[in-house]
Amino acid sequence: MKVFGPVPSRRLGRSMGINNIPPKLCTYSCVYCQLGRTRRMEVRRAPFYEPREILQETEEKIAQTRKIGLSIDYLTFVADGEPTLDINLGDEIEMFQPLGIKVAVITNGSLISLEDVREDLAKADWISLKVDCTQEDLWRRINRPKPTLQLEAILNGMLEFARAFKGELVTETMLVRGVNNNRDCLQEVAEFLERLQPAKAYVSIPTRPPAEKWVKIPDEESVNKAYQIFTEHLDKVECLTGYETTDFLPTGDPSEDILSITAVHPMLEEAVKEFLHQAKADWSMIERLIRQGQLIELHYQGKRFYMRRHSTR
Ligand code: SF4
């Protein structure tokens with residue numbers, strides 16, 4: 001399934017996810033990625049799915065969601081990889097516009113130096129760009145980009161995009177203990193964001209199981225330090241340090257719902273239990289999916305998460 005949810009989003013309210021990329025195709029292989037390591041790294045844009053098929057699946061999901069009395073705040077491109085690798089992204093956003101629901105894209109911004117990518121993203125209502133680090137060596141260490149990518153071109157592309165974009169632009173900076181949570185790095189990111197002028201800069205921490213076991217959540221003191229440094233340069237800064245609510249709601253076949261949500265969004269045990277309760281299903285469904293090798297259980301920060309099995313884990 002290319003469309004999943006709606007899922008509760010810390011930034012977008014109730015968001016229906018659009019997964020427009022095959023697993024797991026990305027320009028980066030971030031050390032904290034919740035989807036595991038990137039086995040297929042790519043920087044060339046290509047068509048993956050037929051846009052009409054994505055539209056049809058989205059319309060069906062919207063109808064199912066409305067049937068159970070729920071509204072949707074955003075249709076969000078949040079893929080099994082980097083959504084701007086999809087050469088049809090702009091067409092897909094345009095196709096969604098008559099549906100009357102705002103469109104969001106969560107991108108790492110690595111292809112934003114390309115004019116066609118900027119043109120596609122400009123069609124959305126809300127864009128989130130990843131800015132973990134503005135120092136070349138640390139960027140390569142934390143985001144592990146495809147070697148041909150150049151940080152300077154990406155940062156310039158972001159600035160060019162921000163100057164022209166009419167929608168809401170936000171940024172996300174993921175802090176990884178011992179990598180990018182030092183004062184020097186945060187200060188440089190804050191200065192760059194001041195030039196970018198996002199509507200809001202989010203500071204986040206890896207709350208879901210990361211690709212690399214050594215990745216650790218920074219302590220509260222360093223999250224606060226990041227927040228303070230950012231607010232010296234920006235009006236609106238918010239920390240995303242909690243877990244989502246458990247408000248995942250079933251819209252159709254519960255096992256299909258669980259697999260499509262957890263393909264891009266590992267779910268906490270409590271959220272799975274609440275989902276099963278809403279779907280009038282029980283834990284045996286989860287055990288069956290684990291037995292069949294479709295779902296895996298992960299342990300992180302003393303909590304249990306469930307995620308669709310990718311070949312990368
Ligand atoms: S966190 Fe996003 S940008 Fe980084 S590797 Fe995972 S999918 Fe790609």
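Contact here means heavy atoms within 4.5 Å. The model is predicted, so to speak of local features takes pLDDT of at least 70, side-chain atom pairs count only at pLDDT 80 or more, and totals for chains, interfaces and linings use all residues. Residues are numbered from 1 along each chain as its sequence is written, and side-chain values use heavy atoms, with hydrogens and water left out.

**Stop 1: Ser-255**

Select Ser-255 in helix α8, residues 254-264. Helices are DSSP runs of H or I with at least four residues, strands are runs of E with at least two, and both are numbered from the N terminus. Show the contacts of Ser-255 beyond four places in sequence: Met-285, Arg-288 and Leu-289. Ser-255 has a relative accessible area of 12%, so it is buried. The cut-offs are under 20% for buried, over 50% for exposed, and partly exposed in between, with a 1.4 Å probe and protein chains only.

**Stop 2: the whole chain**

Zoom out. The protein has 10 helices and 13 strands. Its radius of gyration is 19 Å, close to the 20 Å of the globule rule for 313 residues, so the protein is as compact as a globular protein of that length. That radius is taken over C-alpha atoms, and the rule is 2.2 Å times the number of residues to the power 0.38. The C-alpha trace spans about 50 × 45 × 35 Å along its principal axes. Colour by accessibility: 58% of the 313 residues count as buried. Of the contacts between residues at least 6 apart in sequence, 74% join residues at least 24 apart.

**Stop 3: the ligand**

The shell holds Lys-24, Cys-26, Tyr-28, Ser-29, Cys-30, Tyr-32, Cys-33, Thr-38, Gly-81, Asn-108 and Lys-130. Colour the shell by class: 5 residues are nonpolar, 4 polar and 2 charged. In this scheme Ala, Val, Leu, Ile, Met, Phe, Trp, Tyr, Cys and Pro are nonpolar, Asp, Glu, Lys and Arg are charged, and the others, Gly among them, are polar.

**Stop 4: Met-158**

Go to helix α5, residues 151-164, and pick Met-158. At 1% relative accessibility, Met-158 is buried. Beyond four places in sequence, Met-158 touches Asn-108, Gly-109, Ile-112, Leu-129, Lys-130, Val-131, Phe-192 and Leu-196. Two of these, Asn-108 and Lys-130, also belong to the ligand shell. Now draw a C-alpha distance from Met-158 to Ser-113: 7.3 Å, for residues 45 apart along the chain.

**Stop 5: Thr-58**

Select Thr-58 in helix α1, residues 51-67. Thr-58 is buried, at 0% relative accessibility. Its contacts, leaving aside neighbours within four places, are Val-3, Met-16, Ile-18, Leu-75, Phe-96 and Leu-99.

**Stop 6: Phe-305**

Strand β13, residues 303-308, holds Phe-305. Phe-305 is buried at 1% relative accessibility. Draw a C-alpha line to Ala-164: 40 Å in space, 141 residues in sequence.

**Stop 7: backbone exceptions**

Most residues other than glycine have a negative phi, and most peptide bonds are trans. Select Gly-5 and Pro-6: the peptide bond between them is cis, with omega near 10°. Pro-6 is in strand β1, residues 3-9.

Next is Arg-144, with phi near 40°. Arg-144 lies in the loop between α4 (136-142) and α5. It is partly exposed, at 25% relative accessible area.

Finish at Lys-280, where phi is about 55°. Lys-280 lies in the loop between α9 (269-279) and α10 (284-291). At 77% relative accessibility, Lys-280 is exposed.

Terms used:
A residue is near a molecule or strand if one of its heavy atoms lies within 4 Å of it.
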